[in-house]
Amino acid sequence: RTRALFEQVRPLPEKLPRMLAWQVRLAWYRGRETLRRIRKRGFDTLTHRPLLSNWDWLPLILRTALKP
């Protein structure tokens, strides 16, 4: 259900000023990656909190920067 909500707001950055769009797009990619990690761990967020390391941020930033 959360994934479906994320997909609904995906076009939002196209309607925003460039700098704000960049920030919203990066937050969207981060949220999607967090959801992927939660799903990968069997939705167990009580014993393991999904965290992004500095290296995890690199592909997210690149994806955000390359998206027009």
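Before I show the helix pair, a word on geometry: axes here are lines fitted to C-alpha atoms, for helices over the stretch in contact, and angles run from 0 to 180 degrees between N-to-C directions. What you see above is a predicted model, in which local features need pLDDT of at least 70 and side-chain atom pairs count only at pLDDT 80 or more, while totals for chains, interfaces and linings use all residues. Residues are numbered from 1 along each chain as its sequence is written, and side-chain values use heavy atoms, with hydrogens and water left out.

Let me start with the whole chain. It has three helices and zero strands, where helices (H or I, at least four residues) and strands (E, at least two) are DSSP runs numbered from the N terminus, so the order of elements reads α-α-α. Taken along the principal axes, the C-alpha atoms fill a box of roughly 40 × 30 × 15 Å. Of the 68 residues, 21% are buried, meaning under 20% relative accessible area, with exposed set at over 50% and partly exposed in between, using a 1.4 Å probe and protein chains only.

Now to the helix pair. Helix 2, residues 18-40, packs against helix 3, residues 54-66, at an angle of about 135°, and their axes are 9 Å apart. The two helices are therefore oblique to each other, because angles under 35 degrees count as roughly parallel, over 145 as roughly antiparallel, 65 to 115 as roughly perpendicular, and the rest as oblique.

Which residues meet? From helix 2 they are W22, R25, L26, Y29, R30, R32, E33 and R37, and from helix 3 they are D56, W57, L60, I61, R63, T64 and A65, with contact meaning heavy atoms within 4.5 Å.

Some of these names return in the largest nonpolar core, which has five residues, L26, W28, Y29, L52 and L60; such a core is a set of buried Ala, Val, Leu, Ile, Met, Phe, Trp, Tyr and Cys residues joined through side-chain atoms within 4.5 Å. Helix 2 gives the most to this core, with three residues. If we leave out residues up to four places away in sequence, L60 touches L26, Y29, R30, E33 and L52.
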